[in-house]
Amino acid sequence: MQKQKFVIWLCVTIIATTAIYLSEAIRLKSEPVIAPSTEAKKVAITFDDGPNPDYTPDLLKGLKERGVSATFFLLGKEVEKYPELVEQMYAEGHLIGTHSYEHVNLCNLTDEKAIEQVDKTNTLIEKITGERPQFIRPPFGCWKKNLDYKTTMMEVLWDVDPLDWKTSNSDAVVSRVLKNVEEGDIILLHDASESSVNAAFKIIDELKKEGYTFVTVDEILFD
Ligand SMILES: [Zn+2]
C-alpha cells in the first residue's frame, strides 16, 4: 500500500514539475526578447577642401582632445603644399579621401580629365600615407557613375549640409546640424574657416551628450 502511494506521489510530482517547466518554457518563448541596445548611435563628421594651414591644425587638435575620428576629403593642390598636415591626419587615425585636384566640377570634364584629377590626388596622398584613398567626395556632388569603375573609387555624399561656408555664424551652423541629424548620418563641413571649426567642436560636444559616437564614413557605409 505504502509502495503504491509512493508511486502515485512520484507520478503526480513528475507530472506537476513537467507542467510547471513546460508552462514556463512556453511563457518565455512567447515573450518578445527585448535585448538592451548596446550599439551606440553612429554619426560621421567630414571636412572638405583641406588641408588648410590656418584652420586644419586647430581642428586636428580639438578632434584629438575629444577622441573623435573624422573623414577628410582633400584637394590635391593643397596636399602638395601641406603634406605634413596630411601626415598628421593619417597618424591621428582620420580617414582620408579625395576631393579632386583643384576643386573642379568633374561632370564638366571628359572622363579622361576627371580621372586625372582623381588619380593625381590619390597618388599625392598615397605618397604621404602609404595608403591609396578609396573614397571620393566629388566637388559640387557631381560624379558620373561610370567613373566608379574607371577609378575604383567609392562616391561619398552627405546627409546633413549646414552650408557652413556661407556664414561666419558658428551657432547657426550648429543649430542647423542638430535640428536635422539622425543616426547613421554623414555631416558635411569644411576646415576652411574659424567658424566652421568652432561649429564642429560644438556639434561634437552636443551629439556626444545625446549618445552619439563619431566614426569615419567607411563605418557608416559598410554597416
Ligand atoms: Zn569642396
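Leu 163 is exposed, with 12 other C-beta atoms within 10 Å; a residue counts as exposed at 12 or fewer such atoms, as buried at 20 or more, and as partly exposed in between, with C-beta atoms placed from the backbone. This is a predicted model, in which local features need pLDDT of at least 70 and side-chain atom pairs count only at pLDDT 80 or more, while totals for chains, interfaces and linings use all residues. Residues are numbered from 1 along each chain as its sequence is written.

Leu 163 is not a glycine, yet its phi is positive, at about 55 degrees. Leu 163 sits in the loop between β5 (154–155) and α7 (170–180); helices (H or I, at least four residues) and strands (E, at least two) are DSSP runs, numbered from the N terminus. Most residues other than glycine have a negative phi, and most peptide bonds are trans.

Where else does a residue other than glycine have a positive phi? His 103 does, with phi near 55 degrees, and its place is in the loop between β3 (95–98) and α5 (111–129). His 103 is partly exposed, with 15 other C-beta atoms within 10 Å.

The peptide bond between Gly 50 and Pro 51 is cis, with omega about 0 degrees. Pro 51 belongs to the loop between β1 (41–48) and α2 (56–66). Both Gly 50 and Pro 51 are touched by Leu 74, whose contacts also include Val 79, Ile 96 and Thr 121, leaving aside residues up to four places away in sequence. Contact here requires C-beta atoms, placed from the backbone, within 7 Å.

Leu 74 is among the residues with the most contacts inside the largest nonpolar core, which has 49 residues. Such a core is a set of buried Ala, Val, Leu, Ile, Met, Phe, Trp, Tyr and Cys residues joined through C-beta atoms within 7 Å. Helix α8 (residues 194–209) gives the most to this core, with 6 residues.

Strand β6 (residues 186–190) is largely enclosed by the rest of the structure, because 4 of its 5 residues are buried. β6 pairs with β1 in the parallel sense over 5 bridges; pairing requires at least two DSSP bridges. Asp 48 stands opposite His 190 in β6.

Finally, Asp 58, Leu 59, Gly 62 and Arg 66 in α2 meet Val 197, Ala 200, Phe 201 and Ile 204 in α8.

Terms used: Contact = placed C-beta atoms within 7 Å.
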